[in-house]
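Open the model in your viewer and keep the sequence panel beside it.

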Amino acid sequence: MNPRFDLLTLQLLRRVDETGSVARAAESVHLTASAASKRILELESQLGIALLVRRPEGARLTAAGHAVAQRTERMLDELRALQADLADFSAGTSGTVRIASNTSGMCAGLADQLARFSRDFPAIRISVTEATSAAVVEAVANGSADLGIAHASAQAGTLRSIPYARTPLVLAVPAGHELAERTSVSHEETLRFPHIARAPGSALAQFSGPVGPDPSCMPAVATQVTSFPAVFSLVSAGLGVAVVPAAPAQWHVPENVGLVPLSDGWASFELCLVIDPGVVPSPATARLLQALRADS
C-alpha cells in the first residue's frame with residue numbers, strides 16, 4: 001500500500017523535532033496528544049519504518065524521521081512560494097493575457113498602451129497576435145485569445161464589443177496623383193481609380209473600390225494585402241489608391257505618398273475591444289482591459 005502523506009502529520013514531525021515532545025507538538029497545531037500520536041503511528045505503519053523514538057521523558061526523530069522532516073521543510077517553502085505566486089495572480093499583478101488584434105489596432109496606440117502597462121505590471125506576460133478583424137472575433141469566440149481588437153463592423157455574434165478607438169479615414173495616393181493636392185475627397189470620387197484591394201476578412205476591404213466595367217479602373221496588379229507597409233508600397237509604386245485609417249497611416253506613409261481626408265460623414269474607422277461575456281476573465285486580463293478602456 002502506498003503511504004498517504006498529509007501536510008498536518010508532516011508538520012507534526014517537524015514540531016516533535018523542535019519541541020522534543022509529541023504533546024507539545026500536538027498543542028502547537030491544535031490537536032490533542034492522542035490524535036497527534038495516532039497520526040504519526042498510522043504514517044509509520046504505512047511506511048513500515050519508525051519515525052520517532054518514544055521515551056518517558058519525550059520523543060526524538062529517528063534518522064528516517066529527520067529525512068521526512070527536512071523534506072517537509074522544503075515542501076513548506078515551496079508552498080509558501082506558491083501561496084505568494086497565487087496571491088499575485090489573484091490580485092491581477094501576475095499572469096498571462098492573450099490579445100488578438102487587427103492591423104489598425106496594432107498601430108492605433110496599442111503598442112504604447114502595452115508598454116506603459118508592462119512597466120506598471122512587469123509580471124504580467126502579454127501575447128499579441130495580428131489577424132484580420134474576422135479572425136480576431138473567431139479567436140475570442142474559440143478561446144484562443146482572451147480579448148481582441150477588431151473593427152466595429154465585425155460580426156461579433158454573442159461576443160461583447162466595447163468602443164476602443166476612432167480615427168478618420170483618408171485616401172492614400174501616390175505623389176503626382178490628380179487627387180494629391182485636394183484638401184478632401186468623397187469616397188465616390190475615388191472609385192474612378194484602381195484601389196489596392198484588401199484581403200477578405202480585413203475590415204478595410206469594405207472601403208476598397210469595386211472593380212467596375214471601365215477598364216481604366218482595373219488595377220494593373222491584382223492585390224489582396226492586410227499590412228499597411230504592403231499597402232503603401234503598392235501605392236508608392238503607382239499601382240492604385242487605398243482607403244486607410246489616419247492614425248495608423250501616419251506611422252507607415254512614405255515620403256512620396258500623400259494622405260487626402262475623405263469628406264463623407266461616415267468616413268471614420270472605429271475599433272472595438274472584443275470579449276466573451278460568458279467567460280470570467282482572469283484578474284490579469286481584467287486589469288489590462290480596464291487599462292485599455294481608461295486610455296481609449
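The model is predicted. Colour by secondary structure next, and the chain shows 10 helices and nine strands. Of the 296 residues, 40% count as buried.

Now select residues 103-120, which form helix α5, together with residues 283-295, which form helix α10. The two helices pack with their axes 11 Å apart, at an angle of about 130 degrees. That angle makes α5 oblique to α10, since angles over 145 degrees would count as roughly antiparallel and those from 65 to 115 as roughly perpendicular. The crossing of α5 past α10 is right-handed.

Show side chains at this contact. On the α5 side, pick L110, Q113, L114, R116 and F117; they meet R287, L288, A291, L292 and D295 of α10. By class, the residues of this contact comprise six nonpolar, one polar and three charged.

For the last stop, centre on S186, in the loop that runs between β6 (160-174) and α7 (187-190). Is S186 buried or exposed? Its relative accessible area is 18%, and buried means under 20%, so S186 is buried. Leaving aside residues up to four places away in sequence, select what S186 touches: L262, S263 and D264.

Notes:
Residues are numbered from 1 along each chain as its sequence is written. This is a predicted model: local features need pLDDT of at least 70, side-chain atom pairs count only at pLDDT 80 or more; totals for chains, interfaces and linings use all residues. Side-chain values use heavy atoms; hydrogens and water are left out. Helices (H or I, at least four residues) and strands (E, at least two) are DSSP runs, numbered from the N terminus. Buried means under 20% relative accessible area, exposed over 50%, partly exposed in between (1.4 Å probe, protein chains only). Axes are lines fitted to C-alpha atoms, for helices over the stretch in contact, and angles run from 0 to 180 degrees between N-to-C directions. Angles under 35 degrees count as roughly parallel, over 145 as roughly antiparallel, 65 to 115 as roughly perpendicular and the rest as oblique. A crossing is left-handed if the near helix is turned anticlockwise from the far one by less than a right angle, and right-handed if clockwise. Contact means heavy atoms within 4.5 Å. Ala, Val, Leu, Ile, Met, Phe, Trp, Tyr, Cys and Pro count as nonpolar, Asp, Glu, Lys and Arg as charged, and the others, Gly among them, as polar.
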